[in-house]
Amino acid sequence: QVQLVESGGGLVQAGGSLRLSCAASGSISSFTVMAWYRQAPGKQREWVATITKAGYRNYADSVTGRFTISRDNAENTLYLQMNSLKSEDTAVYYCNAVVVGARRYEYWGQGTQVTVSS
């Protein structure tokens, strides 16, 4: 069973930066897709960014140009660099990993809180 553990959240002023990390208990090179999601209070969980095994990246419109997703296979870690943070970025951020093969497996981390003060 793969475990994903997020870290790096915290309180930051608007315009500031944070880098989130997601450490996997096993090798992430086997994950077909890894992603970040977030959930703000009273709202549904929403997709933030995706990176594929081949390194292709996609971002939600709300974070394009401000956030960067990356993965370090040697460190078995997924990252989310967040710059120019806004109050509307306040949420719990979750790491997600999917393996697509003969069967589909999906894993979630426990989340890390990001709070942006205006």
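Start by selecting Phe31. Phe31 has a relative accessible area of 1%, so it falls under the 20% cut-off and is buried. Keep in mind that this is a predicted model.

**Next stop: the ring partner**

Now look at the rings together. A pair of aromatic rings is described by the distance of the centres and the angle of the planes. The model holds 2 aromatic pairs. In one of them, the ring centres of Phe31 and Tyr107 lie 6.1 Å apart with the planes at 45 degrees, so this pair is tilted.

**Then: strand E3**

Select residues 18-24. How many residues of strand E3 are buried? The number is 5 of the 7, so the strand is largely enclosed by the rest of the structure.

Show its neighbours. Strand E1 (residues 4-7) runs antiparallel to E3, joined by 4 bridges. Find Leu4: its bridge partner in E3 is Ala24. Strand E8 (residues 77-82) is also antiparallel to E3, with 6 bridges between them. Here, Ala23 has Thr77 of E8 as its bridge partner.

**Last stop: Arg45**

Select Arg45, Tyr94 and Trp108. The charged end of Arg45 sits over the Tyr94 ring, 3.7 Å from its centre. That charged end also sits over the ring of Trp108, 4.6 Å from the centre.

Key
Residues numbered from 1 in each chain as written. Predicted model: local features only at pLDDT ≥ 70, side-chain atom pairs only at ≥ 80, totals over all residues. Heavy atoms only, no water. Buried < 20%, exposed > 50% of the residue type's maximum accessible area, 1.4 Å probe, protein only. Helix = DSSP H or I, 4+ residues; strand = E, 2+ residues; numbered from the N terminus. Pairing = 2+ DSSP bridges. Phe/Tyr/Trp six-rings, centres within 6.5 Å; stacked < 30°, edge-to-face > 60°. Lys NZ or Arg CZ within 6 Å of the ring centre and 35° of its normal.
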